[in-house]
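Open the model in your viewer and keep the sequence panel beside it. The stops below each give a selection and then say what is there.

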Amino acid sequence: LLGLIFNFIGLTSTNEVIVFCTIIFVFLALLSSSVRIFSYWCNTRTVALVGNDLSFLAYQKTLHQKFITHINRNSSEIVNTLVTEINDLVLAFNFVLVAATNLVISFSIVVTLFVISWKIAISSLGTFSLTYFLISNITRKEIQKRGYKISESAMYQLKSMQESFGG
């Protein structure tokens, strides 16, 4: 099949085929990188817009509550919710978008591998699945511990800021 394509294009020597394949590879690598950067830009922009809207709505809803509610509520609790919780929600939304993008890319790669060779596709899929499983099991506990530490530190940071400003 490749021989027919090379003959159709007019490539006769091995050097011409190597140069042609190199040019195609570089072009596809640049195209892939461009699509990846554009995808990242779209995801980041979408997450920023959603985060902006959520922050605005939460702030607006907080400001339009009754005066007695403001007096009875701890201001650090409000700040914690408006800053930390919305930030965590936006980060989770970003994770979902990145995971969806990566899922589409992975699916495309697997389909392409099956078109090229089902043996290579199955062995690659098995190897990468096993590697992913091992890495996730090894790092899961450490990631959870760090997540708890980050959450706890953010709470103390906000509490410290509130106490510093007299709230």
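The model is a predicted one, and side-chain atom pairs count only at pLDDT 80 or more.

Select helix 5, residues 118–164, and show the side chains of Glu142, Lys145 and Arg146. Start with Glu142 and Lys145: their closest N and O atoms are 3.7 Å apart, and the pair forms a salt bridge. That distance is inside the limit, because a salt bridge needs a side-chain nitrogen of Lys or Arg within 4 Å of a carboxyl oxygen of Asp or Glu. Glu142 and Lys145 are three residues apart in the helix, so about one helical turn separates them.

Now move to Arg146, which forms a salt bridge with Glu142, with 2.9 Å between the closest N and O atoms. Here the spacing is four residues within helix 5, about one turn of the helix. Salt bridges with shared partners join Glu142, Lys145 and Arg146 into one network.

Colour these residues by accessibility. Which of the classes, buried, partly exposed or exposed, does Arg146 fall in? Arg146 is exposed, because its relative accessible area is 52% and the exposed class begins over 50%. Lys145, at 49% relative accessibility, counts as partly exposed. Glu142 is also partly exposed, at 35%.

**The aromatic pair in helix 2**

Next, select helix 2, residues 14–63, and display Phe38 and Trp41. The count of aromatic pairs comes to one. Phe38 and Trp41 form this pair, with 6.1 Å from centre to centre and 25° between the planes, and the pair is stacked. The label follows from the angle, because planes under 30 degrees apart count as stacked. Phe38 and Trp41 are three residues apart in helix 2, so the separation is about one helical turn. Phe38 is exposed, with a relative accessible area of 51%.

**A nonpolar patch**

Switch to a surface view and select Ile24, Phe27, Leu28, Leu31 and Val35. Together these residues make a nonpolar surface patch of about 460 Å². Ile24 is found in helix 2. At 36% relative accessibility, Ile24 counts as partly exposed.

Go to helix 4, residues 75–116, and pick Thr101. Is Thr101 buried or exposed? Its relative accessibility is 19%, so Thr101 counts as buried; the class needs a value under 20%. Leaving out residues up to four places away in sequence, Thr101 touches Arg36, Ser39 and Asn43. One of these, Asn43, makes a polar contact with Thr101, side chain to side chain, at 3.2 Å.

**Gly10 and a distance to draw**

For the last stop, select Gly10, in the loop between helix 1 (2–9) and helix 2. Gly10 is partly exposed, with a relative accessible area of 42%. Draw a distance from the C-alpha atom of Gly10 to that of Ala121. How far apart are the C-alpha atoms of Gly10 and Ala121? The separation is 31 Å, for residues 111 apart along the chain.

Conventions
Residues are numbered from 1 along each chain as its sequence is written. This is a predicted model: local features need pLDDT of at least 70, side-chain atom pairs count only at pLDDT 80 or more; totals for chains, interfaces and linings use all residues. Side-chain values use heavy atoms; hydrogens and water are left out. Patches are made of residues with over 30% relative accessible area and no salt bridge: like charges are joined within 9 Å, nonpolar side chains (Val, Leu, Ile, Met, Phe, Trp, Tyr) within 5 Å. Accessible areas come from the Shrake-Rupley method with a 1.4 Å probe; for residues, only the protein chains shown count as cover. Helices (H or I, at least four residues) and strands (E, at least two) are DSSP runs, numbered from the N terminus. Buried means under 20% relative accessible area, exposed over 50%, partly exposed in between (1.4 Å probe, protein chains only). A polar contact is a pair of N or O atoms within 3.5 Å; within protein, one must be able to donate a hydrogen and the other to accept it, and residues adjacent in sequence count only if both atoms are side-chain atoms. Contact means heavy atoms within 4.5 Å. Rings of Phe, Tyr and Trp (its six-membered ring) pair if their centres lie within 6.5 Å; planes under 30 degrees apart count as stacked, over 60 as edge-to-face and the rest as tilted.
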